[in-house]
Amino acid sequence: MKTVFIVGSGIMGSGIAQLCSQAGYEVRLMDNDQKMLGKAFKKIEWSLNKLEEKSLLKENAGDILTRIKIENTFENASDTDIVIEAAFENLKTKHDIFKELEHVCRPDAILGTNTSSIPITEIASILKNPQRFVGIHFFNPVHKMKLVEIIKGFATSDDTAQKTKEFVFSIGKEPVMVNCDSAGFIVNRINGMAFLEALQLLEKGVASVEDIDKAIRLGLGNPMGPFELMDLVGLDVVLNARMGIYNETRQPNHFPPGILKNMVKAGCLGRKTGKGFYEYK
Ligand code: 3HC
């Protein structure tokens with residue numbers, strides 16, 4: 001594999017683009033929002049310079065950056081080896097994207113999604129060839145977190161899963177295989193329950209945001225408490241993931257508490273909006 005086509009230039013898309021170019025891939029980062037693309041490119045440049053200052057790059061930052069091209073259309077996905085979609089968590093948006101990509105991409109290209117909340121099988125349902133479709137789920141911040149979950153949808157072939165695994169190793173990450181399409185996969189399924197419990201303790205007034213975070217940091221040795229982590233990931237992303245799991249399982253213990261929904265409605269999404277459980281400058 002030589003080229004990667006990434007759809008969506010938000011936090012995850014831009015992080016994945018940077019990672020792939022650092023690993024030597026030719027990267028095309030596509031978004032229909034020109035402003036977002038500009039911001040993403042600047043952020044990647046900043047990050048590469050920062051890593052260069054700390055001697056953490058194998059090449060100079062400028063050379064890595066030249067391997068990233070920005071795109072407004074799907075046209076140049078025609079010669080890509082693998083696509084990673086990191087657009088909004090909306091099934092129709094993803095269906096529209098993959099309908100176009102299936103038409104443009106080579107028949108042997110892998111089509112991957114970084115979704116954290118929508119079943120892989122459901123996204124693949126509109127494809128003529130769902131065997132080449134796979135979940136490839138990265139963690140935030142992409143440059144730091146070692147794990148990538150590879151999720152097999154109902155029709156994903158063993159060959160697609162194996163090639164995706166090799167790709168993940170090639171970009172310096174550690175894969176785990178999720179053998180069937182289960183909502184929340186592994187990490188969000190387990191960690192999401194910790195988020196819900198933390199929110200419930202807060203709603204009941206058992207402890208403050210700061211003390212719950214401190215307890216988890218110091219008591220369990222986690223780098224962040226649940227509220228710090230929700231602010232990092234984005235409360236909208238957390239809510240989407242919770243709703244995805246609830247919709248699939250229909251188990252009431254997965255239903256997101258009111259405080260989370262209200263904060264999302266109020267635009268308090270965490271670090272990206274400057275306000276979540278904490279305030280950010
Ligand atoms: N590129 C390069 N450098 C960067 C950078 C970037 N993108 N972002 C920050 N840095 C730099 C900072 O500027 C700082 O540099 P300095 O020391 O020269 O000032 C340095 O890196 C350290 O930055 P931080 O202080 O922010 O880093 P920490 O060492 O405190 O670690 C952390 C931060 C990695 C986020 C750590 O707290 C951690 O591991 N937290 C847990 C994260 C986690 O659990 N993620 C998974 C979330 S779940 C998920 O993503 C799934 C999804 O589906 C919801």
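Visitor: How far is an oxygen atom of the ligand from an N or O atom in the side chain of N188?
Guide: The model is predicted, and the distance is computed from its atoms. A polar contact is counted for N or O atoms within 3.5 Å. The pair formed by an oxygen atom of the ligand and a side-chain N or O atom of N188 is separated by 3.1 Å.

Visitor: Which elements give two or more residues to the shell around the ligand, and which gives the largest share?
Guide: Two or more shell residues come from each of the helices α2 (34–53) and α9 (226–233). The largest share amounts to four residues, and the element that supplies it is α2.

Visitor: Which side chain has a polar atom 2.6 Å from a nitrogen atom of the ligand?
Guide: The ligand is surrounded by 19 residues, and the closest are S47, K54, S116, H137 and N140. In the side chain of H143, an N or O atom is 3.5 Å from a nitrogen atom of the ligand. The distance of 2.6 Å to a ligand nitrogen belongs to a polar atom in the side chain of S47.

Visitor: How many residues of the shell around the ligand are nonpolar?
Guide: The shell also contains six polar residues and three charged ones. The nonpolar class contributes ten.

Visitor: Why does the ligand lie between domain 1 and domain 2?
Guide: Domain 1 covers residues 3–178, and domain 2 covers 188–270. The ligand lies between them because its shell receives residues from both domain 1 and domain 2.

Visitor: Where does P141 lie, and what is the form of the peptide bond from N140 to P141?
Guide: P141 is placed in the loop that runs between β6 (133–138) and β7 (147–151). Most peptide bonds are trans. The bond from N140 to P141 has omega near 0°, and its form is cis.

Visitor: Is S55 buried or exposed?
Guide: S55 is found in the loop between α2 and α3 (61–66). Its phi is near 55°, a positive value in a residue other than glycine. A relative accessible area over 50% counts as exposed. With 62%, S55 is therefore exposed.

Visitor: What is the value of phi at R250?
Guide: R250 belongs to the loop between α10 (235–249) and α11 (258–265). At 53% relative accessibility, R250 counts as exposed. Most residues other than glycine have a negative phi. R250 is not glycine, yet its phi is positive, near 60°.

Visitor: Which side chain is joined to that of S9 by a polar contact?
Guide: S9 sits in the loop between β1 (3–7) and α1 (11–22). S9 is buried, with a relative accessible area of 4%. A polar contact of 2.8 Å links its side chain to that of D31.

Visitor: How many disulfides are there?
Guide: A disulfide requires two cysteine sulfur atoms within 2.5 Å. The cysteine sulfur nearest to C20 is that of C105, 15 Å away, and C20 is in no disulfide. The number of disulfides is zero.

Visitor: Which is exposed and which is buried, C20 or C180?
Guide: Under 20% relative accessible area a residue counts as buried, and over 50% as exposed. C20 has 0% relative accessibility, so C20 is buried. C180 has 53%, so the exposed residue is C180.

Key:
Residues are numbered from 1 along each chain as its sequence is written. This is a predicted model: local features need pLDDT of at least 70, side-chain atom pairs count only at pLDDT 80 or more; totals for chains, interfaces and linings use all residues. Side-chain values use heavy atoms; hydrogens and water are left out. A residue is near a molecule or strand if one of its heavy atoms lies within 4 Å of it. A polar contact is a pair of N or O atoms within 3.5 Å; within protein, one must be able to donate a hydrogen and the other to accept it, and residues adjacent in sequence count only if both atoms are side-chain atoms. Ala, Val, Leu, Ile, Met, Phe, Trp, Tyr, Cys and Pro count as nonpolar, Asp, Glu, Lys and Arg as charged, and the others, Gly among them, as polar. Domain bounds come from an automatic or database domain assignment. Buried means under 20% relative accessible area, exposed over 50%, partly exposed in between (1.4 Å probe, protein chains only).
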